Amino acid sequence: MAQTFEGGLFSGTLFGDFYIDGQWTGLKEAGNATKFEIKSNAEVTTLVSKKKYNRGQILKSATIAQPTAIKADINDPDRDVLRVGFLGTGEIVAVDPGSVTDEPHAAPAPLGVIELAKRAVSQVVVSRKNGMDATAWATGQTVAIGDYRIPTAPNQHFYKATVAGAVGATEPAWPTDGSTVTDGAVTWQDMGPIEAVLNTDYALGVDNSFKGWVQLTEATNIEPGEPLLVDYSYQAQTGYRIKGATQPVCRVRWFLDGENFATGEPVEITVHDTQTMPNAAIDFLSDNWQSIGLDITPVTPPGKDAPYEIFYPGRQ
């Protein structure tokens, strides 16, 4: 005997099967869905009379089926829903531990950040290339502004000519306090240590080390734009990266495992294949819990005779 269908107050868990790299990945819980709204659409077109005696009356009409519109809101989303929310592609990041030697960088301004190629770094050494490439002082030379020298007896500092000319007959007493020295017609500026000093020229904190950031101090000897070479070790890393705005739409198969609280009976909704895209921005600095809004356009796939199905298990 046919059963009576009653109005519903529904709850449900939403699952998504995401089409990635040419294949379906299988259903999995998509997050806390607060809306899953389906609207089947049709358009009525009419032929309206312009005749004197029945102007404005409909002479003929036709109804044309239109695509179904589905809207979903999901908070507490999984990573694939986030990917859809950014119309992006996702990739699992897995990096083995290792080390890097002589990674080149141009120095930022004081308090600026050097972004290393790897994350979770330690044993960082920042070397100043101008000092590494500087030649030893020698008598009889003529130097230009911006030339670099190191003492014949290295003291780990290097020096920049700020006044050009011929050097003196004897090597100057090189300062190591950041001051200048006169050498014949030349003035040399102490540029500081060739190997930058941790917590004097740059700093590493736990958060910065994890991100692979080296931050210059406010009082650093390093000049903006100065070429640097960085050595460091890095730990094994894992993560998931979303590259946003890499595709115009995402394919998803949706399944709602629902329950009608009015009757205590289950209800299942299957949307076989869809073109899914976000319908609102995602504000990372909002004071409210974020909800990803989705516009879902069902597609009837081969072998199916409807774009979606609502199934009441046990009903007749």
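Helices (H or I, at least four residues) and strands (E, at least two) are taken here as DSSP runs and numbered from the N terminus. The model is a predicted one, in which local features need pLDDT of at least 70 and side-chain atom pairs count only at pLDDT 80 or more, while totals for chains, interfaces and linings use all residues. Residues are numbered from 1 along each chain as its sequence is written, and side-chain values use heavy atoms, with hydrogens and water left out.

The protein's secondary structure consists of three helices and 23 strands. Its radius of gyration is 34 Å, whereas a compact globule of 316 residues would have one near 20 Å; the radius is taken over C-alpha atoms, and the globule rule is 2.2 Å times the number of residues to the power 0.38. The C-alpha trace spans about 115 × 55 × 40 Å along the principal axes. Of the 316 residues, 34% are buried, where buried means under 20% relative accessible area, exposed over 50% and partly exposed in between (1.4 Å probe, protein chains only).

The accessible surface amounts to about 18200 Å², with 52% of it belonging to carbon and sulfur atoms; areas come from the Shrake-Rupley method with a 1.4 Å probe, and for residues only the protein chains shown count as cover. The mean positions of the 24 positive and 38 negative charges lie 17 Å apart. In this count Lys and Arg are positive and Asp and Glu negative, with His and the chain ends not counted, and a charge is placed at NZ of Lys, CZ of Arg, CG of Asp or CD of Glu. Among contacts between residues at least 6 apart in sequence, 67% join residues at least 24 apart, a contact being heavy atoms within 4.5 Å.

Turning to strand pairing, two strands are said to pair if DSSP finds at least two bridges between them. Strand 20 (250–260) takes part in two such pairings. Nine bridges link this strand to strand 1 (residues 10–20) in an antiparallel arrangement, and threonine 13 stands opposite aspartate 257 of strand 20. With strand 21 (residues 265–278), strand 20 pairs in the antiparallel sense over 10 bridges, and cysteine 250 has threonine 276 as its bridge partner. Strands 20 and 21 form a hairpin with four residues between them, and glycine 264 in the turn has a positive phi of about 75°.

An open sheet of three strands, paired antiparallel, has the order 7-17-16. Its edges are strand 7 (113–115) and strand 16 (202–203), each of which pairs on one side only. Strand 7 is joined to strand 17 (residues 213–216) by three antiparallel bridges, with valine 113 opposite glutamine 215.

Beyond four places in sequence, threonine 217 touches Pro110, Leu111, Asn199, Thr200, Asp201, Tyr202 and Ala203. Leucine 228, in strand 18 (residues 227–234), is also buried, at 1% relative accessibility. Its contacts outside four places in sequence include Glu103, Pro104, His105, Ile114 and Val126.

Isoleucine 242 lies in strand 19 and is partly exposed at 28% relative accessibility. The residues in contact with isoleucine 242, leaving aside neighbours within four places, are Arg79, Leu82, Arg83, Phe86, Thr89 and Gly90. Alanine 245 sits in the loop between strand 19 (237–243) and strand 20 and is exposed, at 67% relative accessibility. Alanine 245 touches Phe86, Leu87 and Gly88, and its C-alpha atom is 9.5 Å from that of glycine 85, which is 160 residues away along the chain.

Backbone angles deserve a brief look too. Most residues other than glycine have a negative phi. Aspartate 102, in strand 6 (residues 98–106), has a positive phi near 55° and is partly exposed, with a relative accessible area of 39%. Glutamine 156 has a positive phi near 75°; this residue belongs to the loop between strand 11 (148–150) and strand 12 (157–163) and is exposed, at 57% relative accessibility.
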